[in-house]
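Thanks for making time this morning. I would like to walk through one model with you, so please have the sequence and the structure open as I speak.

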Amino acid sequence: MSSDPFAPVLKTPGSNSKQATRRCLAPVPASAPQAPSAHPKLGEPSKVWRYLDEQGRLLGFVLRFEAEDGSKSFRPLCLFEEPGALRWRWQAWPENRPLYGLDKIAQNPNAPIIITEGEKAADAAQVLLPDHIAITSPGGSNGAAKTDWSPLKGRCVIIWPDADPAGAKYADAVAEHAEHAGAKTISRLEPPKGTGNGWDAADALQAGWTPEQALKLVRSGQSIRSVETKTKSASQTMRKPQSNRKKKPSSILSAADGAELWHTPQMQAYASIEVNGHTEHWRIDGIHFKRWFAGRIYHQTGHVPSGQAISDALRVLEVRALEDSACHRPMLRAGWDGEACWLDLCDERWRAVKITRHGWEIVDKPKARFLRNETMAALPEPEPGTMIETFRSFVNADDNDFKLIVAWLVASLFGRGKTFPVLALGGEQGSGKTTMARLLRSLTDPSDVSALATPKDERDLVVMAVNNHVLSFDNVSKVESWFSDAVCRLATGAGFITRKLHSDADPFWFQGSRPVILNGIPSLTDRADLAERSLTVRLLRIDEAGRQTEDEFWKAWDQAKPGILGALLGAVSAALRHWESVELKEKPRMADFAHMITAAEPGLGWETGEFMSAYTANRQATTEAVFESDPVAVAILTFIQEEHPTNGWDGTATELLGHLNRIVSDDLRRSRFWPAKPNALGNAVDRAAPLLRHRGIHMTKRSTGAKRLIRLCHAG
């Protein structure tokens, strides 16, 4: 009798009637008895491989057994129909045995196929080469001739044999059978130098190989044959060409036929591609689309063209996207499509939350075109039914400041908003400013780089705005004038334009607004224009008794975060629902923001007017603090109140500087905060005008011939 456990039982004269009528059943019917979990002699297996057909139905098993001496043996287990019974037997399928991996071949009709010697190696190759289909034949190196290789028809085949004589023999046999089956291309991998006898994919995985290393090995494979040249009939081979013109080669551009090309208003080329049942949107000149494009080329041809050929093809696709395709306005984390607000969960399934006046829901395939980058992280899946007061225990601030923080969060998630207030987090050392900024960003725009350093110039800031929905600047010690002006423009939606590179003149521009967080110990809103656009929150110091460990705090936060996010989304829905019915009696500088949060109050469980009361008090306190920190404003107020309390004062900047120099201290006059020349004073007076207005002093400028006069007077 054969020692091959995979050899079928031979029918011989004199065999009993049951054996003569025995028939292997594959696929296994639902009425089949349960398969045995152990071998009568070898005991329990160390590994079980399930063989499935194209529809995922069970065909049988191959099991591995390990003896005490370390030796291994393999046994097939198949279902047989016998007279009057269905019985599992430790016997193989008859001739034309099924391949291991038929289900994966059917599910991925365009993927190249890796053929290994043995199921363990096939599993390892699948891990190392996820874009391929790893298969094998039952029976090891002796099983090739007894297997049905017809599923390889039209496929690109790569053989990864064991590094030994048996592996070489198996590779030769598989190549021959793949050719007869009609494989499109066949190539064979050679083991790297220095590998031991019997080295295979499982050894590569155990040694810590990466997918990149495995793909490099695949690309170095030696082509055995190209079916297109060997399947021509004799008449085709003998036929003379009708002309001397060379046949035009097929273009690799066809690999991108499944992509939808489009461009943005900023004339950036994008492509929308289907990946694992969802749609992703990537820049054509970015690494993600290039990787997808190269993979599609390889799936179609079995080969990867040169980097130059891919770059040339990508440039052609970019031209098509810019000149021949539609223009769409993409979204980054949050947006508005004219009917609903959208929030990108940024998970692997590319799901998003759709928010309307009627509520919110998670959408598997959103119509919004969301952009992503490498640092963006996923939001938790929001949960309904939580009140916003659950968030209160995580915020070490008074009640008014808590409302302002919640208002900033709602505004950041409100994709319809065109302006965002700057959240300025202040407080002494130990008040948890960095932790609070990180917590707030995890609810609005989580990122692997949660905190940003202050940019060195406006171009750096534009790059940050292009790649982040929320800009969180940590430990800001000083707000330079240019940075303050730029943040103000980001808050209200102004545009920025700069050069792509310092060596060229191509424009790089950004139009829009972004939520901004500033945190630091000193006051960050000393300039009046920034103060008017800010929510200035001072966090309370956390005492020793109330302080938690990092692990305790973030564990509690991760548990509460889905419900808190759901409560904020409910507030966004309420803002949409009540938008038209809200009418503010007084409109502050950030009027749209105030309007939106007032409309959201019912969704937060707040009484009408609670937010405006907290917001007004915050603005008044901030204005007072800014006024006290502006030496020119303080000096002008003192000058008018003490020397011109009735009729006010008229004069030039030179004359005003002389009066102010007379009433301020010598130390202030010599400091860098005091204007040394009349033109500098003129600029300082312009910045101080809003602060003076709050104190009842109006400033106007007018020209009379060669003179430019400043008028300072009491209101009324």
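Predicted model: local features only at pLDDT ≥ 70, side-chain atom pairs only at ≥ 80, totals over all residues.

Does arginine 369 count as buried or exposed? Its relative accessibility is 15%, and therefore arginine 369 counts as buried, where buried is under 20% relative accessible area, exposed over 50%, and partly exposed in between, with a 1.4 Å probe and protein chains only.

Residues are numbered from 1 along each chain as its sequence is written, and side-chain values use heavy atoms, with hydrogens and water left out.

Arginine 369 sits in the loop that runs between β18 (359-363) and α11 (399-413), helices (H or I, at least four residues) and strands (E, at least two) being DSSP runs numbered from the N terminus. Its side chain makes a polar contact of 2.9 Å with the side chain of glutamate 260; such a contact is a pair of N or O atoms within 3.5 Å, where within protein one must be able to donate a hydrogen and the other to accept it, and residues adjacent in sequence count only if both atoms are side-chain atoms. Leaving out residues up to four places away in sequence, arginine 369 touches, among others, Trp262, His281 and His328, with contact meaning heavy atoms within 4.5 Å.

Turning to the cysteines, the structure holds 0 disulfides, a disulfide being a pair of cysteine sulfur atoms within 2.5 Å. The sulfur of cysteine 24 is 4.7 Å from the closest cysteine sulfur, in cysteine 78, which is too far for a bond. Cysteine 78 is itself buried, at a relative accessible area of 0%.
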